[in-house]
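Hi,

Here is the structure I promised to pass on. Have a look at it first, and my notes on it follow below.

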Amino acid sequence: MDVSQYLEIFLDETTEHLQNLNTQILELEQDPENMDTINEIFRAAHSLKGMAGTMGYKRMQTLTHDMENVFSEVRNGNIKVKANMIDILFQCLDALEEYTGNIRETSDEGTNDNEPLIKQLNDILNSKGGDNAQAAPEASASAPGEASGTENSPAGETGGAKWQDIKLDSTDKMVITEAQKQGKKVYGLTVKVQETCLLKAARAFLVFKAVEELGEIIVSNPSAQDIEDEHFDLDFSLLVITEAPLEKVEDAIKNVSEIDTVTGDSIDLDKIKDEEKEAPGQEGTENAPAPAKEEAPKPSKPAKPTAAPASENKPAAKNGAAKPVVNRTVRVDIEKLDVLMNLVSELIIAKNSLVAAASASDAMQKGPSVQSGVNEHIEYLESVTTNLHESVMKVRMVPIESVVNKFPRMIRDLSKKLDKKMELYMSGEETELDRTVVDEIGDPLMHLLRNSADHGLESAEVRAQRGKPAVGSIWLDAYQDGNNVVIEVRDDGNGIDTEAVKNKAIERGTITPEQAANMSEKEIIDLLFLPSFSTAKQVTDVSGRGVGLDVVKSKIEALSGEVEVHSTLGEGSTWTIRLPLTLAIIQALMVVVGGEKYAISLGSIQTIEDISPDEIKLVQNKEVIHLRGNVIPIIRLDKELDVVSSKNPEDNMVVIIAKKGDRTAGFVVDELLGQQEIVIKSMGKYIDNKCKLISGATILGDGEVALILDANVLI
Amino acid sequence: MEELKVMEEGTTTQYIVIRLGQEQFGIDIQYIDNIVRMQHITRVPKLAPYLKGVINLRGEVIPIMSICLKMGLAPDEESKATRIIIVKLEQYGTIGMMVDEVKEVVTLNMASQVEKMAYDKDDKNNFILGVGKYEGGLISLLDLNAVVQEK
């Protein structure tokens, strides 16, 4: 079977499963007894195995298969979760990630068999003999069953009589009784789709359709919605009321392609009731060793308890309690979205031209009635384009979860490597950012976290001396703030030793001792962001080569974001990353300076003030104003931009108060033109980064180019 | 760096002949994307004087430079004949170049009509790859990468 077309889906899903496994195993480390977690891990390992098998990646399949075996034993209580087991499992995940990486690049899994890992997994499996001698033969019996996962028999066995698990509420029972009174038949059916089936939901839908032609489906397990969303393993169960004989229903289902087996029997309501009364009812029926034949056994007690490990295919999640809420999604190629986005950009430019044309003809004093009609339509167009833009932007937004989820694992590894106890607390993982930003933000965040773990947190002795808790804390908080998303990395470690930074800078010749004496604390901290600057006394393989922070800074600035550090020596540091929500289209304030039009992003603007020239005071020879209790430095844009202001210096000035982090400044402009949605364009490779003040250009409605002022550079 | 084609018999290259001040220059046609009329240029602050600013070319923002100022000639005098030549260079992207006039396209035989310049390649003021002889006149063939490069 040619599976290359599914490669992309496979890779995406594998990555998701691996991430899920990472998270769950971490949880397991904290809470080794948690059955939900163990079940979730088992499921993920099982799906991985199935997918790898379908795609023909044998090595991956073998490894996941052995992991699955271990978990199946853990789940049955035959093996206890131990620290060394967690380590081995993490190594397995790394190996799986390596396979996935290879597949992504060459569509081949590579040749690493990871035999030591498999051996270790088998050792764990064998070690349980000591724990529970009796369980050993059972497990070995179940293992081969699982091993032949690609064949139908074991799963068929398990899926046999699952319809008996369907829980009936009183209304369902009434319906059944009613139907039986009318002489109709009620059948329970369990349908198993082939393991190689790629569109399980579609097959299930066809089954539903086929059955509904013959009768009425009263209950399904999982629910119809879950089946539609493909939230089921390989089988699902139905209760059907029909007048047709059982064989006819079964034949109808079997006519749907890629259906493996159908098992059905008529329902005896009394028996079901009895079943529920029996103490281990739920477990018992689930474990019923149904033969792979078409006929179901009577819902009696399980004959062979040894079948239990293999047959408990559906973990607790099936019972609804721990079911993760998965969004209904469509995977879309980001390039397609880019095209859509560009079209929206064009539309906005076209709309802006219309607005400009309308106001131009307004000036020509045309018939007022015609004019108001045109305006009305333009306003309508404006609201449509704005909404369209917003929805397209939203489509591109993804939660930063996908990036930050790998950090707990990283911190755990670092903790072992550095021999420091530390804990990572995260909040706001659901905060959304543009896909392109999310893809890029991972590395800088990782640098900062490593930095906190390595340089920030002190060794255990120092922490004890300072009276801090033995376990160091690192926080990663994300939240939205206006048009920006803020991500903070915080630690309760040593903080930045500005003296050490200063001495290092002098030693390296970055600054002279005279310069150092005059530098503020903040300026010294900023030295850290210079290329090749590391104060770590010894170079570790975690950090300390001086390639971290300048990369962090340049990467974030490339995303039009900014980084700031606050640090108190002995108490810890906070690194704040501020990123724009969107990259391509922004709301901007259009201003005129010396006859030239400029756009300033609304995101950074706080207020606009009308200031009389005599309110300006001089502090240290710099112009400031006193505004509502704050002293705000004034920046005259005409001077910064090398133009001559067209305004009379005696007139009141228009001052735009803008904010960057906790710093504020007032920009003096000649005139305000109003707010406008603008499309950010690059100024071309040749001059793009030559003027720091300008972050890009935009095309106005009349076709003129206006430059976008980067207020952050000036503040 | 652009090299002149190997001087084989029969190799020809097409050049667009432009005028800067009183001198005639040739630009290899393979780099030229488009020639547009002079239009409003939006000034970009804090740039070298030869970088005039940006224009809107059918929805794209294109940087504009003055070859005259870059090469140290007398500044351009805008007239009806002034044109912007849009060139595409791999390293620098799309750039518009202001020229005083665009005259014609000529085909030069690299062997018989072009004299390679014997300048020092590292000379910072060398923007010329060679001189072409055409209908009795001389055309200085521009090395576009050298013109664009920051020195």
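Two residues are in contact if their C-beta atoms, placed from the backbone, lie within 7 Å. Helices (H or I, at least four residues) and strands (E, at least two) are DSSP runs, numbered from the N terminus. Bear in mind that this is a predicted model, where local features need pLDDT of at least 70 and side-chain atom pairs count only at pLDDT 80 or more, while totals for chains, interfaces and linings use all residues. Residues are numbered from 1 along each chain as its sequence is written, with chains lettered from A and ligands numbered from 1 in the order in which they are written.

Helix pairs in chain A

H1(A) (residues 7-30) and H4(A) (residues 83-106) have axes that come within 11 Å and cross at roughly 170 degrees. (Axes are lines fitted to C-alpha atoms, for helices over the stretch in contact, and angles run from 0 to 180 degrees between N-to-C directions.) H1(A) and H4(A) are therefore roughly antiparallel, a label for angles over 145 degrees. Their crossing is left-handed, meaning that the near helix is turned anticlockwise from the far one by less than a right angle. (Ala, Val, Leu, Ile, Met, Phe, Trp, Tyr, Cys and Pro count as nonpolar, Asp, Glu, Lys and Arg as charged, and the others, Gly among them, as polar.)

H9(A) (residues 200-214) and H11(A) (residues 246-254) pack at about 150 degrees with axes 9 Å apart, which makes H9(A) roughly antiparallel to H11(A). A:Val207, A:Ala210, A:Val211 and A:Leu214 of H9(A) make the contact with A:Lys248, A:Val249, A:Ala252 and A:Ile253 of H11(A). That contact has seven nonpolar, no polar and one charged residues.

Where A touches B

22 residues of chain A are in contact with 19 residues of chain B. Strands S21 (694-699) and S22 (705-709) of chain A each supply at least two residues of chain A's side.

A sheet in chain B

Five strands of chain B form an open sheet, ordered S3-S6-S7-S5-S4, with mixed pairing. (Two strands pair if DSSP finds at least two bridges between them.) S3 (32-37) and S4 (51-57) of chain B are the edge strands. Inside the sheet, S5 (residues 60-66) and S7 (residues 93-99) of chain B pair in the parallel sense over three bridges, and B:Ser66 stands opposite B:Met98 in S7(B).

Cheers

Key: Parallel < 35°, antiparallel > 145°, perpendicular 65-115°, else oblique.
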